[in-house]
Amino acid sequence: MQPDDPDDDRQLPTSSLARASRMLSLPLGAAGRQVVGLGRRLLGADADVVDAELRGAAAEQLFAVLGELKGGAMKFGQALSMFEAFLPEEIARPYRQHLAKLQDSAPPLPSSRVQAVLRNELGPRWRDRFASFDLRPAAAASIGQVHRAVLTDGRPVAVKIQYPGADQALRSDLRQIERLAGVVAPLAGGVDVVTISRELAERISEEVDYTLEADSQARAAAAFAGDPEFAVPGVHEATTRVLITDWLDGRKLSSVADDPAEERNRVGLAYVRFLFAGPARAGLLHADPHPGNYLVLPDGRLGVVDFGLVARLPEGLPSAMGRLIRLAIDDDADAMTAGLADEGFIARDVDARELLGYLEPFVEPARVEEFHFDREWMRAQFLHIRSSSDRHGVAMRLTIPPVYALIHRVWLGGIAVLAQLDVTARFRGVLAELLPGWYD
């Protein structure tokens, strides 16, 4: 191990002005590429080849900037990576490799600064807690990185360390992303990046306080203790910027995409079951469904980590959810519309049949006993939703009540992950088992 550096308590050397400048490089780079592309076309270059090269250059720049900034920019990139299945294949191809990297990677914090954070949070004798501590990060993400260590009693643990200055950087990045939403939106395939950034900003006070995350994770660990299908690491200790939990060995959920269909389907179904089981068993909805937070363990269980973003639902999911989906499945448009109005989803008058048609992508997987989620289906649904999202469309007459905001995010994100993994699963059976109101 390297010795502690007692003078290395500085924050990340990235000022707000520097961060803003890097974010502003995105539209400037886009404008420059368009000028170059136009010149090449005028000189006779094949338009399709030029467009493909421009998309590749745009992907390189976008994800280089996001990866360097960490913070809110990285979180936005991770959210965007889940929705890669929305994008038409000719657009998605140059982005897929870069998107995948953003799901669980970022430049690491130097070891001297890791030790400075540990000393500040755990005290000058922080090493006494551990038999060994690997100063090389095992994983790095948006606002912190994870190190592998062993406690003095021999238990392997994961030590998550928040980047110094991550809270200020996160707020700065989110403000910049919101300002640049118009530039980034075409890369998101229509995903509302402004809404995503605002939602993340509202949760920032919780995500940067690891004691709150520790409380959520401890509740989930207790609720799923001994479960044959799921594993949630137990919590050992937490401060605002350091979280020590059990270590889980496993491979990322995204790696399942290369597995045989039987394994993809099994793991995909477990993933869906956990998303819906959390509110019922722990009073929590794990609200960050990107694949980097899920591990397939050697014994086949699904490991779940990172409880920084959760929806606290002490009564479970809203009781109306199952009933409203059943009404949609039964094509009872009038009763479904009335129920959605009661729940606060309808901002203006809307035609019941038109609304039922708009919601079909959300309902279709529940209409049959077994459903195949793939990219082609996902893209078709995205086009269907986008066609209803102009200023006269039904989507503009709807709103999402606060209690459903994170539920909506998880529903869409979860389906996008299933499509990426090419899963065939008994989705309807999970809803019938775990959604309140299904049999009402």
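This is a predicted model: local features need pLDDT of at least 70, side-chain atom pairs count only at pLDDT 80 or more; totals for chains, interfaces and linings use all residues.
Residues are numbered from 1 along each chain as its sequence is written, and side-chain values use heavy atoms, with hydrogens and water left out.

**Two helices crossing**
- The axes (lines fitted to C-alpha atoms over the stretch in contact, with angles from 0 to 180 degrees between N-to-C directions) of helix α12 (residues 320-329) and α17 come within 14 Å and cross at roughly 55°; helices here are DSSP runs of H or I with at least four residues, numbered from the N terminus.
- α12 and α17 are therefore oblique to each other.
- Ala 320, Met 321 and Ile 325 of α12 touch Tyr 404, Ile 407 and Trp 411 of α17, where contact means heavy atoms within 4.5 Å.

**Aromatic rings**
- There are 16 aromatic pairs in the structure; Phe, Tyr and Trp rings (six-membered ring for Trp) pair if their centres lie within 6.5 Å, with planes under 30 degrees apart counted as stacked, over 60 as edge-to-face and the rest as tilted.
- Trp 126 and Phe 133 sit edge-to-face, 5.4 Å centre to centre with 75° between the planes.
- Phe 345 and Tyr 404 have ring centres 4.7 Å apart and planes at 55°, so this pair is tilted.
- Phe 276, Phe 371, Phe 373, Trp 377, Trp 411 and Phe 427 are linked into a cluster by ring pairs.

Notes
Helices (H or I, at least four residues) and strands (E, at least two) are DSSP runs, numbered from the N terminus. Angles under 35 degrees count as roughly parallel, over 145 as roughly antiparallel, 65 to 115 as roughly perpendicular and the rest as oblique.
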